[in-house]
Amino acid sequence: MNRGIEKDDPVEGALNRVQLNPSCSRRQFLKVSGVAVMGLTAFGALVNGAGGSTPLIIMDQAEGLVIGDPTKCVGCRRCELACTEFNDGKAWPELSRIKVTRNLAYGPKGNVLGQRGQGNFGQGLIVQDLCKQCPHPVPCADACPNDAIILDPKTKARVVDTEKCIGCMMCQRACPWEMMSFDPEAKKATKCFLCGGKPKCVEACPAGAIRYVDWRDLTRKIPPRVAPAVHASPAKAATCNDCHKK
Amino acid sequence: MATFGGWAGKVLRVDLSTGRISTEDTLEKYKDVLGGTGLGYKVLWDEVKPGTKPYDSENKLIFGVGPLAGTGAPSNGRTAITTIYPTCWPKPLVATGHFGGDFACQLKYAGYDGIIIEGKADRPVWLSITDGKVEIKDARHLWGQGIRRTNLDIVQELGPTACVAAIGIAGENLVPMSTIINNVSHSAGGVGSVMGAKNLKAIAVRGSGYVRIAGDKAEWEKVIKHHLALLGSNNQHVVPNSPQPWAEFSHPGVRWVASKGRAWGAAQPPIDSGTCDPHDLNRIAYRTNNAAFYLGNIAWQYTVRGNGCTSCPIRCHTLLRVPYLPEKYGNGITENIQSTCVRLLFGRFFYKSFTDGFLGRTAFDACMVGVYLIDDLGIWDNYGQIQRDFIKIYHEGTIKDKIGEAEFKSYSWDKYAKSDPSFLFDLIPRIARKEGELATVLGKGTGALFGQWGLPEEEWKKDEGLGYWKMGHPQHHSSLEAYQLGAIINTQYNRDVQCHTHQNFLRNGLPIKEQKRLAKDLWGSEDAVDDIGMYTPMNLNKAKMTRWTLLRKELHDSLSLCNWMAPVVASPLKERGYSGDDTLESLLYSIATGEKMTREELDEVGERIFGLHRALTIRDMGTKEMRKEHDTFPDWVFKDRQGRAPFTPGTTHMEKNDLNLGMDMFYNLLGWDKATGSPTEETYKKLKLGYVAEEFEKKGLLP
Amino acid sequence: MTKHQQGGASILTEEEKVSRSIAAMIRDKSREGLLVSMQGIWEESINQAPGADKGVVPEIDLQALLIVRMKEEDDLTAIRNQEGQPRYYSSRFMSENYAKILIRKEGDPLVLIAETVRESSSLASRPVPVAIFLASPFHLSQVEISACLQQMREDRRFQDIRQTATSIGTYFLYSALHLDPDRASMLSEWLDVGQHQNP
């Protein structure tokens, strides 16, 4: 049943024009620029917070991915510097969207293993933490109450829309790899957006330890750093039924 | 007050006597001297009275970095640590130790351009700096621990991103030949015991902030990439050390050691260093392997990767994994050893020879043992002087004479005689613990051989092989390779000159014809540089290069640019005629800070900082007669061991009149009085050091 | 670009294809540090020519093709070995000096060693450590080097090639035509010992 969507509503119009999944006959969904606008749910009364509009669900894969080889990382952090200086005009490793500093001295597990860990004080490996440009369901985007994580039109990278972002950092709590950054001055989240297809970290690495490759799914290949504390908002979760429920 | 980029804006002041922690405005007080050594000299000038001794609570320890520290400017990771220096003999004067690692950038991200440590804590403490939160904390559980344990303990509290700069037991025990170390292998020489005298075990910094680039970020990106495109290997060597397809030249003596077939053998799996075309900026880190360069090809199989300071693509430290070390040498030695340059060579330098040669297994092992010991105990080498001194006093029987029989017998001399590296476990820890006469004297520095044992300094000054210069410290890239320039710069400091501005260029591997051509643009004439073993009489262009050498050293140490990688006046690019860009410092400064300065204007700031160092030395020596009493040359500089005359092929020994002419020209270029070698009142004023002129007027220290 | 009648246009295109692939191959090989012989060019043309998959041998004048290509792209360079045979490289990826080493490698090793030593002595005023001939791109064995040095002592052509040893026993070679013994000794000592004592 329609939920507050008028007959001449553009969404309804679009829904009628495009039929992408014939099996979802009544619960149709629309692919608009790779996002699914979920409007027809059983839980009709549940609306996401943004003024009655429907939740954004990212569907499209990113075109590319930045991957790192820890056996080549030499710990110079020029990747973090390039990411922030060249994008933000500030040398700010804490904000960097590629994360190396936190693994530099003792490895990803931190200091608990002492010399038996990795990093400069341990066995030497420096692991570069990188955004996996997760496929659907995208944890950071789905956790966002404001649909502020959208697609970059060129690369389909998952990128923060700073106009919509309210800095609540639910996205950060949702990312199993803790890849979200937060700008405490602008009070906005930020994340890897692949620099329009020419990642600056890749360009900056003097050891060729980072590469930009065709996207593939690493979400089940690389162990999470944390157990996520936040997941998709109920409104978004409810829309799963629109496609997946038979 | 205009807001500038680059600087963090605050200098932290910590009084360990009172526990008072305060900040000052960097730009209000110190902008004229930039930071780094400039900051250190200014604080000593303003606040530390002449005659203050290194371990007095009135002495200050100033950690300084500059506006470029923490940025993406290549190689900005060094911190200058300025103080009244304990190994300066017979009278301690101002000098600086420096270290790399990631202390400099962390300090900036925490919001500080420097730390002034004053006073003395009444019990062991460590300083915790986490952004705006600064605390003096109890270090009694750390006192007596090695530097590596100290690091881990503090990191348990502050997290693994904290940078810990710590002293070992050498610093705690007030051994003058001691270091402060951060990030495993980055050590600052000669300053550890000053920190120990203040009961300060460590400074830990964790910063989550940023350094603002004032200028247009696209322009900054362009300049950074331009800088990277001009880089060579470590020490800005611009040709490879073996013929490579892309290279017109090669030189077996340079640090650019990458080649197909030379691999990081202990990377898992190994990584071939490859041919490293200079246009490929993603391979800069493979050009240099200092373990292989110094220890020989034996090192490649043990090389895990390069390492080094934040922001530097060069990776002049090598991380080695040597699996047989623990079983072979015990004593807690680790498989992983990392270091560079003279620190890497510490162990080997103690031995006169090895049956399997300097590039063989035994020498390699000695280096591993050496690094393991000195970077945990926190011991300094004084640019190889402690080892040269040891070899001399051992072989001449002096040790046996000077120390009691009981102590002599307590050493395993049979091991030393066989060049067994395990002898180092016998000697080095004793130096850290000040155990026995020999260890105590060695730990005091060369000056103690003269002062305490009464050995004649003249003997050291006559012997080229001992490498001694004056005031308890050695020559460093002196007349032996840079003729008049090298001799002159070695007179100017109160420790070894620790300057690579000139040496980077002179050893960059380009044939002399190319170097001369570049020299013409840089210093006015081809005559500014000589071919090795073919040096020519002094001329004005050499003096100009000498002045440039020292100003740029001070500029780098104050901006935070590594003096082993800058200036970038030559490049590996044939299409540029191998030229670099002598305006890089001013370009980087202008964009980062937002204050536009030309090369000449920034060099004037370097001259100011260098002038302030001169003033401090004059003031604390209490004399203006610098030419006579400070700027001296050891006798060996003028004596050729094979009796060759000056200016003849093969010799590197100087001629007195010619060198005096060099000093005249050098003083003249700087505006210093020829007779005394002291800056004139006019020069102080021109350098905006009018306050120095005022004080010197009263004290009669103006020429 | 040679002009052809319309009827011959398709042949030109195929020749152009072969010619371009040869140029690319020369550049690739140069990057790897290898010269290309006519044999190599022939093999490449066979692989790229039309009908190559059917085992058809192309009727293309390779020499002419090369000349044209080299006129159009000035990085493609020819160098001749001791027998006068041409070898090709791209100056964009290989220096003339490196090409010279490779060319000499094809011939008499005595000449290879001597010319390398002479060039270093005259152009760079430097003696050469014997050990460099073990490494890339020379790749001579210790036995070969010793044999060559022995032969040189007895061959009139190489009387200018001298040896000097440093204080730690490392051998260097220099040409007495360009360096005097004293200077050569001093330079070798500095390179081998002095530099390492002044790290």
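Predicted model: local features only at pLDDT ≥ 70, side-chain atom pairs only at ≥ 80, totals over all residues.
In S5(C), Phe172(C) is the bridge partner of Pro129(C).

S3(C) and strand S5 (residues 171-175) of chain C run antiparallel and are joined by two bridges. They belong to an open sheet of three strands, ordered S3-S5-S4 (chain C), with antiparallel pairing. Strand S3 (128-129) and strand S4 (161-165) of chain C each have a single partner strand and stand at the edges, so one side of each is left without a neighbour in the sheet.

Chain A is divided into domain 1 (10-61 + 233-244) and domain 2 (64-214). Chain B is divided into domain 1 (10-206), domain 2 (219-469) and domain 3 (482-699).

| Domain pair | Buried area | Share on carbon and sulfur atoms |
|---|---|---|
| Domain 1 and domain 2 of chain A | about 1200 Å² | 53% |
| Domain 1 and domain 3 of chain B | about 3100 Å² | 64% |

**Chain A in detail**

Here 15 residues of domain 1 of chain A are in contact with 13 residues of domain 2 of chain A. Ile58(A), Gln61(A) and Lys236(A) supply 47% of the area that domain 1 of chain A buries against domain 2 of chain A, more than any other three residues. Between these two domains there are two salt bridges. Asp60(A) forms a salt bridge with Lys156(A), with the closest N and O atoms 3.9 Å apart. On the side of domain 1 of chain A that touches domain 2 of chain A, strand S3 (residues 56-58) of chain A gives the most, with three residues. The residues of that side divide into six nonpolar, seven polar and two charged.

**Chain B in detail**

The C-alpha centres of domain 1 and domain 3 of chain B lie 28 Å apart, and 37 residues of domain 1 of chain B are in contact with 37 residues of domain 3 of chain B. Tyr41(B), Trp45(B) and Leu68(B) supply 26% of the area that domain 1 of chain B buries against domain 3 of chain B, more than any other three residues. Lys31(B) forms a salt bridge with Glu595(B), the closest N and O atoms being 2.9 Å apart. Across this interface of domain 1 and domain 3 of chain B there are 20 residue pairs in polar contact (both at pLDDT 80 or more). The residues of the side of domain 1 of chain B that touches domain 3 of chain B divide into 20 nonpolar, 11 polar and six charged.

Definitions and conventions. Residues numbered from 1 in each chain as written. Chains lettered and ligands numbered in written order. Heavy atoms only, no water. Domains from an automatic or database assignment. Contact = heavy atoms within 4.5 Å. Buried area = accessible area lost by both parts, 1.4 Å probe. Salt bridge = Lys/Arg side-chain N within 4 Å of Asp/Glu carboxyl O. Helix = DSSP H or I, 4+ residues; strand = E, 2+ residues; numbered from the N terminus. Nonpolar A, V, L, I, M, F, W, Y, C, P; charged D, E, K, R; others polar. Pairing = 2+ DSSP bridges. Polar contact = N/O pair within 3.5 Å; in protein donor to acceptor, adjacent residues only side chain to side chain.
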